Amino acid sequence: MEDWIRALRDLVVDNLKRNRFPLPADRSICSRWASGLPEGGRRVLYSSCMYQLAPLIAKAVDVLQKVGASSGGVRAKLAAAGARVFGGFLLKPSDEEARRADGILRNIATMLSKAGVQFGVLRDEPYSGALLYELGFEEDFASYAREVYRYFKERGVEEVITVDPHTHYVLERVYPKYVERFDLKVVSYMDLVKPSKASVVKAVVHDSCLYARYLDRYDVYRRLLDSVGVVHVEDPYVTGKAYSGCCGGPIESVRPDVAGEVAKIRVRQLSKLSDTVITVCPICYVNLSRAASGLKILDLAEVIS
């Protein structure tokens, strides 16, 4: 396993140095959604390419499982060697995955505009580096975070609107620990939009651990659902702030077998409350979707508009 972790670190760091994206992929997938939107400015809508990255992580996990990354011993060493080979390929989302990611981000941009929020976009925006931090590569993360901060400052950015919990958490809570004089204002799109309609009438919410327990957003997206009449089924042991379960996503690049089993457990819990699940994190969406049989999984920005 140690060999695999070291190879994974090399893969992520090498790709971030090459194109500010953690996996081998064509970066043009990150900016298609922003076509026609104003460029730059003091306040920017920052995707960190998370909605495009999430399905690519799922594809990478499939490769990891096939080469035996989670089995340890000799197979893990072979997986480490496979990771270097894997770095020579370009991962691509399917057309459906790409359209879905673009549609979610366009809907967020439209809701912000309708709420009177003025913002720009950065078509070559870098990935935030959240994966490095979450995997424990602290020194690599600190160096990369300073580079991303410099990128924003050189373009006159003062405020960043985030669209996912992983990016929001590292920018608001972690960057200030590693970036000297960090002064970007970080807000979530959920704090700014005023939706007027919804595509479902009843669902259960799968909480993001980061939003619910560390960023105090547990009630924010529930209030958005209330505002457009969506009934969210609650159970203190399934959807409670203190007891709701993980999707398995945080360990999928290290132990995809365990992540898959965790996702199956979570899907079974949620399916007892509703056949429609609303997620607020692209990583949760992908991991639960891999285990969801008969369940409809939707992102919040696919439900409200």
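A: Arg 20 is partly exposed, at 27% relative accessibility; buried means under 20% relative accessible area, exposed over 50%, and partly exposed in between, with a 1.4 Å probe and protein chains only. The model is predicted, so local features need pLDDT of at least 70 and side-chain atom pairs count only at pLDDT 80 or more, while totals for chains, interfaces and linings use all residues. Residues are numbered from 1 along each chain as its sequence is written, and side-chain values use heavy atoms, with hydrogens and water left out.

Arg 20 sits in the loop between helix H1 (2-19) and strand E1 (43-46). Helices (H or I, at least four residues) and strands (E, at least two) are DSSP runs, numbered from the N terminus. The phi of Arg 20 is positive, about 60 degrees, although the residue is not a glycine. Most residues other than glycine have a negative phi. Cys 49 is another non-glycine residue with a positive phi, near 60 degrees. Cys 49 lies in the loop between E1 and helix H2 (50-67) and, at 2% relative accessibility, counts as buried.

Cys 49 also forms a disulfide with Cys 30, the two sulfur atoms being 2.0 Å apart; a disulfide is a pair of cysteine sulfur atoms within 2.5 Å. The pair links distant parts of the chain, 19 residues apart, with Cys 30 in the loop between H1 and E1 and Cys 49 in the loop between E1 and H2. The torsion about the S-S bond is -85 degrees, which makes the link of Cys 30 and Cys 49 left-handed. Cys 30 is buried, at 4% relative accessibility. A search of the whole structure finds one disulfide.

Cys 209 is in no disulfide, and the nearest cysteine sulfur, that of Cys 246, is 4.6 Å away. Cys 209 is partly exposed, with a relative accessible area of 27%. For Cys 281 the closest cysteine sulfur belongs to Cys 284, and at 4.0 Å it is too far for a bond. Cys 281 is buried, at 2% relative accessible area.

Leaving aside neighbours within four places in sequence, Leu 192 is in contact (heavy atoms within 4.5 Å) with Leu 112, Ala 115, Val 117, Ile 161 and Val 187.

As for the whole, the chain has 12 helices and seven strands. Its radius of gyration, 19 Å, is close to the 19 Å that the globule rule gives for 305 residues, so the chain is as compact as a globular protein of that length. The radius is taken over C-alpha atoms, and the rule is 2.2 Å times the number of residues to the power 0.38. The C-alpha trace spans about 55 × 50 × 35 Å along its principal axes. Buried residues make up 56% of the 305 residues. Among contacts between residues at least 6 apart in sequence, 77% join residues at least 24 apart.
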